[in-house]
Amino acid sequence: MKLNEKQLAQVDAQIKRLLETDSYYGNKYRELGITGVKTQEDFEKIPFSGKADLRDAYPLGIQAVPDEEVVRIHSSSGTTGKPVIIPYTAKDVDDWATMFARCYEVAGITKKDRIQITPGYGLWTAGIGFQAGCEKLGAMAVPMGPGNTDKQLQMMIDLKSTVITATSSYALVLAEEVEKRGLKDLICLKKGVIGSERWSEKKRQAIQAGLGIELYDIYGLTEIYGPGIGINCEKEEGIHYWDDYIYIEIIDPKTGEPVPDGEPGEIVITTLVKEGAPLLRFRTHDMSRIIPEPCSCGRSYPRIDIIQGRSDDMFKVHGVNMFPGQVEEILQQVDGVLSEYVINIAHDEDHNRDVILVTVEAEGRVDFEKTGAKIRELFKSRIGVTPKITVVPFGTLPRSEKKTKRVIDHREM
Ligand code: ZN
């Protein structure tokens, strides 16, 4: 999907503004002799930005406005090294809340709803994003933050929360607890807005059934405002994103070349009106594709498919590229297998080969040995690798409130 004329003018204006600053990108684009963009070709010559740039610019090198215009910063959870700091102006904060409120509206949430917010507050963009969008919409926020499941359930019942916002892992924890404690008749939840990460159909069904709710995938990342730049509609055919605030292109993660609409690749985002920290061609490492056809819901906002995983989660075993999504699709087909799993990959030096161990949870009613054999066969026929399979009882694998690490690659150590 190409930039339309308005978007092109917005990108051009952002570049010209950056060039007037002493910021990281102002200096970088000056050095590269970038003066603006008139065409798609000009735009595609702009180098990608990435997390490494933002770390180099630590702490506030990317700030593109005077100090007095910055009202807030957020930080993304870096696993290694320096964190990434993103400064926001009052307009950025307001734009973000407007986008987020639009997400709630697409999910059919109104002023009358009570939104229980379980993602974390603080430097992270999650909790406060859900909150600001809720207030912009005019609904009632129940700002719980993460953890303390006893209290979450008590507030959910006493305050009659109608919407739950959570990571998929924590929504599953809540669904399991509601079921275990027999609380389903006491809760009033109708909808769940879940931070978009790759999660399996099985997990979705477990959350839907456990809490009796409709689920919506909200998309976003701290570097680009935070969650709220897109959400799926009631047709569940991909994620609408707000092309008046962001431009999305899909690239081949290996070559960096844009791929044709409809083909899978990495999401690259350009902010169109951001003031505090504009980003051009920011590589998200999230894998998806543009859905070129108009949505049957009638909304004209363009769409990407649900997130298919992280380009960094792509792992190679015996020379075969694999995604967690493919593993999930296999597990969904086996009777009695649950949605939680972990993959360990190691290298067997003696035999000079990779060893892949898949640990899955299954219901007690099925034969674990036969279930393991079935999964192994599916891996062999679908992906062309033969892993070792360990089947463990339900509840054995760790649950987490943050995004769960599914693939542990011991070969890197
Ligand atoms: Zn739609």
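Two strands pair if DSSP finds at least two bridges between them; strands (E, at least two residues) and helices (H or I, at least four) are DSSP runs numbered from the N terminus. The model is predicted: local features need pLDDT of at least 70, side-chain atom pairs count only at pLDDT 80 or more, and totals for chains, interfaces and linings use all residues. Residues are numbered from 1 along each chain as its sequence is written, and side-chain values use heavy atoms, with hydrogens and water left out.

**View 1. Strand 17 (337-348) and its pairing partners.** Strand 17 runs antiparallel to strand 18 (residues 353-362), to which 9 bridges join it. Val342 has Thr359 of strand 18 as its bridge partner. The hairpin of these strands has 4 residues between them, and there Asn352 takes a positive phi near 45 degrees. With strand 20 (residues 407-409), strand 17 pairs in the parallel sense over 3 bridges; Asp409 of strand 20 stands opposite Ile345.

View 2. Gly212, with a positive phi near 65 degrees, follows the helix.

**View 3. The largest cavity.** A cavity is a set of points on a 1 Å grid over the protein atoms alone where a 1.4 Å probe fits but cannot get out, and lining residues have an atom within 4 Å of a point. Grid points are joined across faces, edges and corners, and a volume is the space filled by probe spheres set on the points. The structure holds 1 cavity of 30 Å³ or more, and the largest has a volume of about 40 Å³. Ser200, Lys202, Glu328, Leu331, Gln332, Leu338 and Ser339 line it. Helix 10 (324-331) and strand 17 each supply at least two lining residues.

**View 4. Tyr121 in the loop between strand 3 (114-117) and helix 6 (126-137).** Tyr121 is partly exposed, with a relative accessible area of 33%. Leaving aside neighbours within four places in sequence, Tyr121 is in contact (heavy atoms within 4.5 Å) with Gly127, Ile128, Gln131, Pro143 and Gly145.

Terms used
1 Å grid on protein atoms, 1.4 Å probe; cavity = no way out; pocket = protein on both sides within 12 Å on 5 of 7 lines; lining within 4 Å. Buried < 20%, exposed > 50% of the residue type's maximum accessible area, 1.4 Å probe, protein only.
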